[in-house]
Amino acid sequence: MFGHASSFASFSCETNPTYIRLAAGPQGNDGEVDLADLASSSTTPIRTILATSGQPLNDMCKYVPTVPTTRLNLAEATLKWRHMAPTAPDTLWCHPFFTVDPFIIKETPDIYAIGCQPRFATRLVKDGKRRSRVILVPSFAQTGILVLVGLKSLDVRIVRLTEDILARST
């Protein structure tokens, strides 16, 4: 699926959902953090990211009226409920898990990114002393939108690539 990219040592496949811990690690001469070193680093994480492809949120939206509930409200609710797929396996197919439920949110992530959404939306949610940036990420193929998150501030910016730019890159 990823062609030659999968042959690089820095390439890493993740599960869906995935919990990523970014840590301050060794820096090269150019000041950049080596991502391969981060994977093996035992240092304290500077940011945690919970990412999912969005099927659980899409499934919940089938059964909840859109007004006054929004996708962003539902995403925030899953964070407060500590479960990102409350409709699985009843209306959302998933593999049966007997010992561990991979959809339970054990700790509040700094960034909670939910992909394959119709539109971009974001909200900074406070959970006690912790802050979590909830981000609904639209399909890049359909919208040309990239979502950038500042790891220090958790500020979000979107970059919209126009059809002209996309056409020139192919």
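Here a residue is called buried when its relative accessible area is under 20%. Keep that cut-off handy, and bear in mind that this is a predicted model.

**Exercise 1. Find the buried residues of helix 3 and say what they pack against.**

Step 1: go to residues 71-81, the stretch that forms helix 3. Step 2: pick out the buried ones, and you get L72, L74, A75, E76, A77, T78 and L79. Step 3: look across at the neighbours. The buried residues here pack against helix 2 (55-63), strand 3 (111-117), strand 4 (121-127) and strand 5 (130-138). Step 4: walk off the end of helix 3, and you meet R82, with a positive phi near 65°.

**Exercise 2. Work out how the buried residues of helix 2 are arranged around its axis.**

Step 1: list them: P56, L57, D59 and M60 are buried. Step 2: look down the axis of helix 2. The buried residues fall within an arc of 160°, so they line one face of the helix. Step 3: recall a bit of background. An α-helix has 3.6 residues a turn, so residues three or four places apart point the same way.

**Exercise 3. Decide whether D59 is buried or exposed, and list what it touches.**

Step 1: Step 2: compare its accessibility with the cut-off of 20%. D59 has 2% relative accessibility, so it counts as buried. Step 3: leave out residues up to four places away in sequence, and the contacts of D59 are T87, T91 and L92.

**Exercise 4. Describe the largest nonpolar core and where its residues come from.**

Step 1: start with its members. There are 19 residues, and L57, Y112 and V134 touch the most other members. Step 2: trace the sources. At least two residues come from each of helix 2, helix 3, strand 3 and strand 5, and helix 3 brings the largest share, 4 residues. Step 3: zoom in on Y112. Beyond four places in sequence, its contacts include L50, A75, L79, I105 and V134.

**Exercise 5. Characterise the largest pocket by volume and lining.**

Step 1: take the volume, about 500 Å³. Step 2: turn to the lining, which has 24 residues, with N16, P17, M84, P102 and F103 nearest the centre of the pocket. Step 3: sort the lining residues by type: 14 are nonpolar, 6 polar and 4 charged. Step 4: see which elements take part. Strand 1 (18-23), strand 2 (45-52) and helix 2 supply at least two residues each, and strand 1 gives the most, with 3 residues.

Key:
Residues are numbered from 1 along each chain as its sequence is written. This is a predicted model: local features need pLDDT of at least 70, side-chain atom pairs count only at pLDDT 80 or more; totals for chains, interfaces and linings use all residues. Side-chain values use heavy atoms; hydrogens and water are left out. Buried means under 20% relative accessible area, exposed over 50%, partly exposed in between (1.4 Å probe, protein chains only). Contact means heavy atoms within 4.5 Å. The arc is that of the directions from the helix axis to the C-beta atoms. A nonpolar core is a set of buried Ala, Val, Leu, Ile, Met, Phe, Trp, Tyr and Cys residues joined through side-chain atoms within 4.5 Å. On a 1 Å grid over the protein atoms alone, a cavity is a set of points where a 1.4 Å probe fits but cannot get out, and a pocket is an open set with protein on both sides within 12 Å along at least five of seven lines; lining residues have an atom within 4 Å of a point. Grid points are joined across faces, edges and corners, and a volume is the space filled by probe spheres set on the points. Ala, Val, Leu, Ile, Met, Phe, Trp, Tyr, Cys and Pro count as nonpolar, Asp, Glu, Lys and Arg as charged, and the others, Gly among them, as polar.
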